[in-house]
Amino acid sequence: MAGAEAEDGGGGSWEEMMRRILPPGTPIPEAPPNLDYSIALEYDGPPVPYELPRADPVDIPAIPTAEPASGPQSLVGGGGGLPVAPVVVDPIPLPVSRIARCAEPEAAGGGGSSESVNSVLQNGEFDDDEEEDSRSQSHGSAQSSPGPRSGREAHDGRRGGPVVTFGFTPDSKYNGESNGMSSEQYDVAAVTKKEKRRRRRRMACNRCGKRKWESKEACIVCDARYCGYCVLRMMGSMPEGRKCVTCIGQPIDESKRSKLGKSSRTLARLLSPLEVRQILKAEKECQANQLRPEQLIVNGCPLRSEELTDLLSCSRSPQKLKPGKYWYDKESGLWGKEGQKPDRIVSSNLNFTGKLHANASNGNTQVYINGRQITKSELKILKVANVQCPRDTHFWVYDDGRYEEEGQNNIKGKIWESALTRFACALFSLPVPPPGDSNGTKDDIPYVPRAVPDYLDQKRIQKLLLLGPPSAGTSTIFKQAKYLYGTRFTEEELDGIKLMIQSNMFKYLGILLEGRERFEEEALSRLYDTISEDESGEKDEAENKANGSDSCIYSINARLKKFSDWLLDIIAMGDVDAFFPAATREYAPFVDEMWKDPAIQATYKRKDELHFLPDVAEYFLSRAIEVSSNEYEPSEKDVIFAEGVTQGNGLAFIEFTLDDRSPMSEPYIDNPEAHSQPLTKYQLIRVSAKGLNDGCKWVEMFEDVRMVIFCVALSDYDQVGPPVNGNGRPLLNKMMQSKELFEATIRQPCFCDTPFVLVLNKYDLFEEKISRAPLSACEWFSDFCPVRTQNNNQSLAQQAFYYVAMKFKEVYNTHTNRKLFVWQARGRDRQTVDEAFKYIREVLKWEEEKDESYYQEESFYSTTEMSSSPFIRAE
């Protein structure tokens, strides 16, 4: 077959044959070295002595064709009668090869010539209009008389007899003269229509198949394109940039590397500028989107991970690297693509596995620089720089342009020193070293000593470590300290808190939906049990189920139920961060409608039974539309109420100062010049509860802290939650978790001499709950017996607070034989947090006095009479 085509084309080469096989405009691919092409060509040499294998022809059954009407010849020859319309049978659409030449010419006495109109079987890719034209032509030709005429007469007549054929005579060139189009024109038309259909399918959205003419966002891995209505559904929150959810973690398509970090109209239309910046930043910096070491081949060897790290972290790293083969000159820092001239200068003395080859740049000048034969353009630059370079000359060139001949320890000058040489390099697109480069052979960055800040000479930095179990309020205290002592949140930090609030809102709703399902099952079960007690209970129950009346106060409609199932499935699979907060604005109306539904309100009234639901859920869910808008900016109250400090909720720290002239410290300052002393600088380091999952292995990093502030939520005494250390343990009382974490922390060797301050937080919630939930709900507090006498002015909450503080003091004293400092706080009340830090400042001063032997053993400040409490009774 290929040989026949080559013969028709005048004996063209195999490239010409490939162009005929491939669609028009498709370039011939460059064959890899390990791939062979098998192309058949017509053999025109001497006959071979052995028998060649032959393909048996396919037995094709008879094809029904149009038959002429039976009757006298006079009807056709003008005998006075009207022609009778024959019965026409449409041809069967069988696949037909347009290139095969396997049919012999028809006999002249047949029903028509072999050069008549070709069957529409061979033009199945055309549109309906062309098929109708072909069929009408067959209909018209069927009305002619099938008298014995020659092939030329049949061709010259207006209507030729229809002949269905799968082949052609040797003289036929498949020109299709009856339709006025050649075979090449037919092929181009068919391929063009295919391309148009493929282009139309590509223009449509890969998810919904609609919106062909809208701008779309393409996945940088699989190139799937999604319209504005589907992109957030298919890509979620885009933690690695514009990737489908199924493509997360996979390497990108290298043809799209130049588009990394560049915005698009679709993202700008759907998301806020902050969200777009974060997505593009993640897309550009994500580890999965970076170049892999094996994609870069330098001096004939793929890079290793450490080599790629050195290349990208050096002072003059190559920018906008793409996968490929490169050569690198270690001495001069010259860098270029394999087989090409140098295109940049990177840091020198980088150690790679491969060694520079003489033919790295395909030079043919017989002049060598550091063992590489240079190109003609480089030779011209050397001549402009007045470097004597006859043939077979070898130079050593260093990164600053100094050069010398091999074997001679004599620097002859600098190549890029003159302005004319630099200008010539610009003309020939050759790199030059940046101005002000050092003259050494290594990229040693000179050490510039930094001046020590003045405040370090006068002030001391006191490091405070803030710890606590989940929901203890450490993030609230940390944020209050930022607002209290002048270190406000930056715009970037506020943007991160905004996204954190929007994502947490769906987690709160998921907890409510899980509780609703549980409460609904319990209510329906009680309802069926009540009905079954009646005589006709079974009949009524069956009727209720049949009528669909099995509903209760916790039931929701089908539309919200579908959204509920979808959200719970996402939470169960752990894909919340893949969809939110990017899709927050799209689903905000569902959240608002769900929150206002009576079933969710009835579920929230039983929030004490939902142990994982934080108390801030109502604050944010009631403002779902406002919080989800692009124009939303968190207020100070929103920041304080938000869970966590940063979106990752990891390690965070702030530095601040406290005024030493507080009313609490003045009575104990005997030095009148103390007010003029410089302020003490504090550094508050907050470690999230997630960092406590490794058994406190990280505490050795904070062995130099001056104090540990341990927070415990008083309101957690009747709540249960998963253990901090996990290990598959069942749910545990949160106060017992706090006790276990507190004991594990104080037993750390690095904290053996570090004072501890216990902050009993959330006293306001504790005061509201203690009257309806007894403190004995925690097994650790089972022996709590409040005193109720007329002379006792302390409330039940105050007594319970003193009792909890004494329990922690006993634990601390048992393990350390030291006294524990305790303070009461309301995390959302800024004044109580300020008082807590001033109390911490006093404790630090007392510890310093103790080190200087001024500290009395029975100090008023650390006795078990709870001097740290503002509710202490005067003795």
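How many bridges join strand S5 (residues 324-328) to strand S6 (residues 334-337), and do they run parallel or antiparallel? I looked this up and found three bridges, with the two strands running antiparallel; within this pairing, the bridge partner of tyrosine 326 is lysine 337 in S6.

Before going on, I noted that this is a predicted model, in which local features need pLDDT of at least 70 and side-chain atom pairs count only at pLDDT 80 or more, whereas totals for chains, interfaces and linings use all residues. Residues are numbered from 1 along each chain as its sequence is written, and side-chain values use heavy atoms, with hydrogens and water left out.

**Entry: overall counts.** I found 26 helices and 20 strands in the protein, taken as DSSP runs numbered from the N terminus (helices H or I, at least four residues; strands E, at least two). Of its 875 residues, 42% count as buried, where buried means under 20% relative accessible area, exposed over 50%, and partly exposed in between (1.4 Å probe, protein chains only). Among contacts (heavy atoms within 4.5 Å) between residues at least 6 apart in sequence, 66% join residues at least 24 apart.

Entry: I returned to S5 and S6 and placed them in an open sheet of five strands, ordered S4-S3-S5-S6-S7, with mixed pairing; two strands pair if DSSP finds at least two bridges between them. The edge strands are S4 (301-302) and S7 (342-345), each pairing on one side only. I then looked at helix H9 (residues 305-313), whose buried residues are Glu307, Leu308 and Leu311. Seen down the axis of H9, these fall within an arc of 100 degrees, so they line one face of the helix; the arc is that of the directions from the helix axis to the C-beta atoms. The buried residues of H9 pack against strand S3 (296-298), S4 and S6.

**Entry: strand S13.** I found five of the seven residues of S13 (residues 461-467) buried. Six bridges join S13 to the parallel strand S15 (residues 681-686), where leucine 466 has arginine 686 as its bridge partner. Four bridges join S13 to strand S16 (residues 707-713), also in parallel, and there leucine 467 stands opposite phenylalanine 710.

**Entry: salt bridges.** A search of the whole structure gave me 34 salt bridges, each a side-chain nitrogen of Lys or Arg within 4 Å of a carboxyl oxygen of Asp or Glu. One of them joins arginine 277 and aspartate 495 (3.8 Å, N to O); arginine 277 lies in helix H8 (residues 273-285) and aspartate 495 in helix H14 (residues 491-532), so the pair ties together parts that are 218 residues apart in sequence. Arginine 277 is partly exposed at 48% relative accessibility, whereas aspartate 495 is buried at 16%.

Within H14 I also noted arginine 516 and glutamate 520, which lie four residues apart, about one turn of the helix, and form a salt bridge whose closest N and O atoms are 2.9 Å apart. Arginine 516 is buried with a relative accessible area of 1%, and glutamate 520 is buried at 16%.

Arginine 828 and aspartate 615 form another salt bridge, with the closest N and O atoms 2.6 Å apart. Arginine 828 counts as partly exposed at 34% relative accessibility, as does aspartate 615 at 34%. Lastly, I recorded Glu217, Arg242 and Glu283 as linked in a network of salt bridges.
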